[in-house]
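Subject: Structure handover

Hello,

Please find the structure below, followed by notes on what was found in it.

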Amino acid sequence: MSWLNKIFKGSVNRVSRGHYDGDWHEGHSSDYNRDTYGDSDNEDIDRAIALSLAEEDQHKGTAAIDTHYNLEEDEQLARALQESLNAESPPRQNVPDENVPPRRNVPIEDVPPRQYVPAKEPPPHVYPASGFRTCAGCHNPIGHGRFLSCMGSVWHPECFRCFACNKPISEYEFAMHDDQPYHRSCYKEFFHPKCDVCDNFIPTNRDGLIEYRAHPFWMQKYCPSHEDDGTPRCCSCERMEPREIKYITLDDGRKLCLECLNSSIMDTPECQHLYMDIQEFFEGLNMKVEQQIPLLLVERQALNEALEAEKNGHHLPETRGLCLSEEQIVRTILKRPQIGPGNRILDMITGPYKLSRRCEVTAILILYGLPRLQTGSILAHEMMHAYLRLKGFRNLSIEVEEGICQVLSHLWLESEIIAGSSSNVASSSAASSSSSSAPTSSKKGAKTEFEKKLGAFIKNQIETDSSEAYGGGFRAGYPAVERYGLRRTLDHIKLTGSFPY
C-alpha cells in the first residue's frame, strides 16, 4: 500500500487562483479538488487496488481468516476511495484553469481598444491574498482578501491608482507613462495630442496611429484635414488660424494674425522711418546709396501691375517687393486703413504716383500689411538690387544677384535681433537701477518675444529656401561673405560674376 500513498501525496495540491473580468471576485482556496485528478490517475488507483487484492488471493491457503479479514478491509477501502472520487467537489467561484483564458461577462463592443494597453504591461488581474506580500501602494501587508498583481508588484485594489486623478484603476486596461499608471481617459487627456486649430483630439488613421501635420518652425500641430478645408494662414508667419481667434482680413484677401498686426506697416509715410534705418545700415557697411530712390507701400494689385510693366529683374511667383527701372504710374497707400466689423480692413486711401527715370532705379515697391521685421527684410533685399544696378554690376546670373541680396536681408535681420536684445537688457538694467537719470533707449526699440521669434522665422525661411536662385544663391553667398568679408566678395562678383570659393 506504500505506492498508493505516493499517489495521494503527489496529487493533492493547494489551489489558489482568482479572476478579473471587469468586476472584483474573491479567489477560492481548497485542500481537495476533484479536477486535480485526471483519467490516468483513476486508472492507476484502480490498478493499485487490483494488485493489492491479487496479492491477498495468493495467500488464501495459509491464512484463511486473515485473508477474509484483509479482503474485506481492502474492499471497504476501495469503496471509500471510489465514493470520494465520485463526490462533488466544492463550488469553484470563477476559478479558471491555468491554460484556459477566463470568460468575461462583457459584450464584445464594450471591450476597450487594445492600443491603449502598453505592450510591456499586462492588464491587472485579481489573485487570492497571501499574508506574505506587501502592497506597493500603502506598503502594508496584503492580508486576506483581494489583490492585484501588475507592474511587477502586488496592490490592494484601492491602492492601484491613476497618477493623474488619483482614483483607483478598476478597468481591464490601463496606460503607462514614465512608469506611472493612468486611466485610459486620463492618459488621453494628458498625452494624446490636440489640434492647435480646432482644439479637438487629433484622430487616428486607418492603422490606429495618430497622424498630424506640424509647421516646421512654429511646430503648430493640426489635423491633416485642415490643409484642405480652407483654414486660412497668416500671410506673414504662416501659422494657421485657430477657431477661437479671428485673423484680420486685408482688402486683397490675405489674412494677418494679431501678433503680426501689432507691428505691421500699413502706409507709405509709416514706412519712411524704416527706410531711413535701412539706409543707415547700408552706410555702416560702406555701401551708401547717394541717389534718392522713392519708396512706395502698395497693394497686391498695384504690385502685380508694376511687375508686368517691368522688363528687368528676377522675381518669385508671389512677389512682395520690386526694384523698378521703368517709368510708370503706381498707386500707393497714403493713409493707414481702419479695422472694421468682422476684422476687415476699411477706408483704404490710395493715390497715383508717377515714376520718373532719373537713374537706373525709379522706385522700390513693398507690399503693405506685413510686420516691421518682414517689411524691413524685403526692403533690404530690394535696396541691394538698387545698389547693384547703381554701382554697375552688369549681367549677373540670377543665382548670384538674388543670392547676395538675400545675404544682405539676412545680415539686416541679424542686426535687428541683436539690437533688440541689447535694448531689452539695457531697459532691464535701467529699471533696476536707483539712478534718477532716464535711460537711453535704442533707436530700433526693444523687441517683444514674438518679434524675436518672428525674426528667427524669417531668417530660417531665407536659410532653408528650396529655390535654386534664392535659397541656393544664399547658401553659396553667405559662406563667401563670412570667409572673405562683404567688400571683397562684392569686388570678386563685379570682376568675375561669381562668388569666391
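Predicted model: local features only at pLDDT ≥ 70, side-chain atom pairs only at ≥ 80, totals over all residues.

Residues are numbered from 1 along each chain as its sequence is written, and side-chain values use heavy atoms, with hydrogens and water left out.

Overall make-up

The protein has twelve helices and 20 strands; helices (H or I, at least four residues) and strands (E, at least two) are DSSP runs, numbered from the N terminus. Of its 501 residues, 41% count as buried. Buried means under 20% relative accessible area and exposed means over 50%, with partly exposed in between (1.4 Å probe, protein chains only). For contacts (heavy atoms within 4.5 Å) with a separation of 6 or more, 58% are between residues 24 or more positions apart.

Salt bridges

Side chains of opposite charge can pair when their charged atoms come close. The rule used here asks for a side-chain nitrogen of Lys or Arg within 4 Å of a carboxyl oxygen of Asp or Glu. By this rule there are 14 salt bridges.

One of them joins Arg 213 and Glu 227, with 3.6 Å from N to O. Arg 213 is in strand S8 (residues 213-214) and Glu 227 is in the loop between strand S9 (221-222) and strand S10 (248-249), so the pair ties together parts 14 residues apart in sequence. Both ends are partly exposed: Arg 213 has a relative accessible area of 27%, and Glu 227 has 41%.

Another salt bridge is formed by Glu 259 and Arg 239, whose closest N and O atoms are 3.2 Å apart. Here a helix is tied to a loop, because Glu 259 lies in helix H5 (residues 258-262) and Arg 239 in the loop between S9 and S10, 20 residues apart in sequence. Glu 259 is partly exposed at 35% relative accessible area, whereas Arg 239 is buried at 17%.

Arg 336 and Glu 270 also meet through their side chains in a salt bridge, at 2.9 Å from N to O. Arg 336 sits in the loop between strand S15 (329-335) and strand S16 (338-340), and Glu 270 in helix H6 (residues 268-284), so this pair ties together parts 66 residues apart in sequence. Arg 336 is partly exposed, with a relative accessible area of 31%, and Glu 270 is partly exposed at 29%. Elsewhere, salt bridges that share partners join Asp 277, Arg 372, Glu 416 and Lys 447 into one network.

Cysteines

How many disulfides does the structure hold? The count is zero, a disulfide being a pair of cysteine sulfur atoms within 2.5 Å. For Cys 138, the closest cysteine sulfur is that of Cys 135, and at 3.8 Å the two are too far apart for a bond. Cys 138 is partly exposed, at 27% relative accessibility. Cys 198 is likewise in no disulfide, with the nearest cysteine sulfur, in Cys 195, 3.6 Å away. Cys 198 is buried, with a relative accessible area of 18%.

A helix pair

Two packed helices are described by the angle between their axes and the distance between the axes. For helix H11 (residues 468-484) and helix H12 (residues 486-496), the axes come within 7 Å and cross at roughly 120°. H11 is therefore oblique to H12. Axes are lines fitted to C-alpha atoms, for helices over the stretch in contact, and angles run from 0 to 180 degrees between N-to-C directions. Angles under 35 degrees count as roughly parallel, over 145 as roughly antiparallel, 65 to 115 as roughly perpendicular, and the rest as oblique.

In the contact, Ala 480, Val 481 and Tyr 484 of H11 meet Leu 486, Arg 488 and Thr 489 of H12.

Loop residues

Most residues other than glycine have a negative phi. Met 219, in the loop between S8 and S9, has a positive phi near 55°. Asn 395 also has a positive phi, of about 55°. Asn 395 lies in the loop between helix H8 (372-390) and helix H9 (398-432) and is exposed, with a relative accessible area of 81%.

Regards
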